[in-house]
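The sequence and structure follow.

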Amino acid sequence: MFLIKMQVVSTKQSLLKMSSQLDIVLAKINQQYQSDYYQPWHRVDSLNCECVTHKGIYVLEIMDKLRFSLPETTVRFGVGYVEQFGDGTYNLSKAVTLADKALGLLHQHDDYGNAHVQFNFGRKNSFEKMINESLRLCDFMVSRWRKSQSDLVSYLILNYGYMDTFVQKEIAEALNLSPQNLNQQLKNSGYYNLIRMKRELTVVLEQFRRSV
């Protein structure tokens, strides 16, 4: 299992408005992925929330949906792996510590504020480094988008997750774009490359979970 901790870094809203919006977004995400949680999203305090997922298949998608659902708020995610004891119970306290350390590393090595996700499996090895460096590369790509590209990808991820089988004509009509403009924005943003990368990372996360 994976424990995801989300930390609010800054917001353009008042804290009261941000808090209200965050509660709405968390409730919506909990509803969408209700069968995938060991523990759904809940508040730890005013600026921190956490959840525990059974598998790795939706970890990245859930975090991206949260990020794009909070466009006026900057958030970071620390993810810790949840180990299982011999009696079948789970070491959630260690997973919280791992996630907190991951958030600390993001703060220490923030890549000019571009990096938003850090995994901590409790074992420093090339696999963990590969996951984190791949996600840093994805976040760097996102940081280079124009607003129109960000709005487009936000719409796609919030409505389709990591699926790329949507009909472009329908998306163009929904966003009042010409098919040519939509196609060009998808190419310029590197959308398909980003989604394929994150889907592959999802696969290896789930393979890791099954192997330990």
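Gly104 counts as partly exposed, because its relative accessibility is 34%; buried means under 20% relative accessible area, exposed over 50%, and partly exposed in between (1.4 Å probe, protein chains only). The model is predicted, so local features need pLDDT of at least 70 and side-chain atom pairs count only at pLDDT 80 or more, while totals for chains, interfaces and linings use all residues. Residues are numbered from 1 along each chain as its sequence is written, and side-chain values use heavy atoms, with hydrogens and water left out.

Gly104 lies in helix H3, and its C-alpha atom is 9.3 Å from that of Gln118, 14 residues apart along the chain. Phe140, in helix H4, is also partly exposed, with a relative accessible area of 41%. Helices (H or I, at least four residues) and strands (E, at least two) are DSSP runs, numbered from the N terminus.

| Element | Residues |
|---|---|
| Helix H3 | 92–108 |
| Helix H4 | 126–143 |
| Strand E2 | 37–43 |
| Strand E3 | 48–53 |

E2 and E3 pair in the antiparallel sense over four bridges; pairing requires at least two DSSP bridges between two strands. His42 has Glu50 in E3 as its bridge partner. The two strands, E2 and E3, form a hairpin with four residues between them.

Phe119 is in contact (heavy atoms within 4.5 Å) with residues including Phe2, Val59, Met63, Glu128 and Leu205, leaving aside neighbours within four places in sequence.
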